[in-house]
Amino acid sequence: TGHSAGAHLAACLGLDPPLLRSAGVAPSAIKALFLVSGPVGLRAQDFAPAHWLWRFWVGRPLIWWLYRKGVSPNLRAVVGAPPDPTAVLAASPLARLAEQDPAELPGLVHVTYGGKRDFPFCKPQAKRLRAELERLGRSATSAPRVEVLEMSECDHFGTHWALAEPGSEWIAALQAALKES
């Protein structure tokens with residue numbers, strides 16, 4: 001599990017079975033991923049508020065401009081400045097998900113994000129991750145179950161604080177996953 005950048009790191013590891021194997025960890029050791037308010041894609045199009053906007057002729061230059069001015073300076077330690085396309089792809093589990101064997105992915109991928117006050121990329125990336133995992137599941141005999149939880153009253157840091165509240169929806173989802181395993 002992880003929150004914010006920690007969720008990104010958890011996704012990079014947990015959604016990449018070959019990477020786990022290269023580190024000496026069997027992919028089957030990861031039973032569930034709990035990703036809280038974190039990015040799962042670092043490409044420019046992953047930060048588009050709506051996927052259709054990236055495909056729209058005027059949307060692509062706009063997204064690239066916003067990415068270069070607002071997003072990529074904050075990612076400099078991860079993907080370099082200017083962003084190295086190879087590093088960006090390597091740090092974008094959403095982009096590489098289609099390459100993975102669904103049977104080797106965790107049995108549960110749970111994504112939580114805050115409401116309107118969370119970072120604007122959290123909700124669309126959570127929805128894209130769910131759609132991609134569900135697409136993979138349709139073509140496989142075994143694929144992760146996907147849960148998405150919007151904590152509408154929380155901002156980015158509120159989702160983190162909710163992890164410590166015994167009665168929160170997030171704790172209930174975690175407890176249910178632990179009982180299943």
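Helix 1 (residues 5-14) gives the most to the lining of the largest pocket, with 3 residues. Helices here are DSSP runs of H or I with at least four residues, strands are runs of E with at least two, and both are numbered from the N terminus. The model is predicted, and local features need pLDDT of at least 70, side-chain atom pairs count only at pLDDT 80 or more, while totals for chains, interfaces and linings use all residues. Residues are numbered from 1 along each chain as its sequence is written, and side-chain values use heavy atoms, with hydrogens and water left out.

In helix 1, Ala7, His8, Ala10, Ala11, Cys12 and Gly14 are buried, meaning under 20% relative accessible area with a 1.4 Å probe and protein chains only. These buried residues pack against strand 1 (2-3), helix 2 (17-22), strand 2 and helix 7 (93-96), with contact taken as heavy atoms within 4.5 Å.

Strand 2 (residues 32-36) leads on to strand 3, which runs parallel to it and is joined to it by 5 bridges; strands pair if DSSP finds at least two bridges between them. Phenylalanine 34 stands opposite histidine 110 in strand 3. On its other pairing, strand 3 runs parallel to strand 4 (residues 145-151) over 7 bridges, and valine 109 stands opposite valine 146.

How many residues of strand 3 (residues 108-114) are buried? The count is 7 of the 7, so strand 3 is largely enclosed by the rest of the structure. In a regular strand the side chains alternate between the two faces of the sheet. Here Leu108, His110, Thr112 and Gly114 are buried on one side, and Val109, Val111 and Tyr113 on the other.

How values were computed: Buried means under 20% relative accessible area, exposed over 50%, partly exposed in between (1.4 Å probe, protein chains only).
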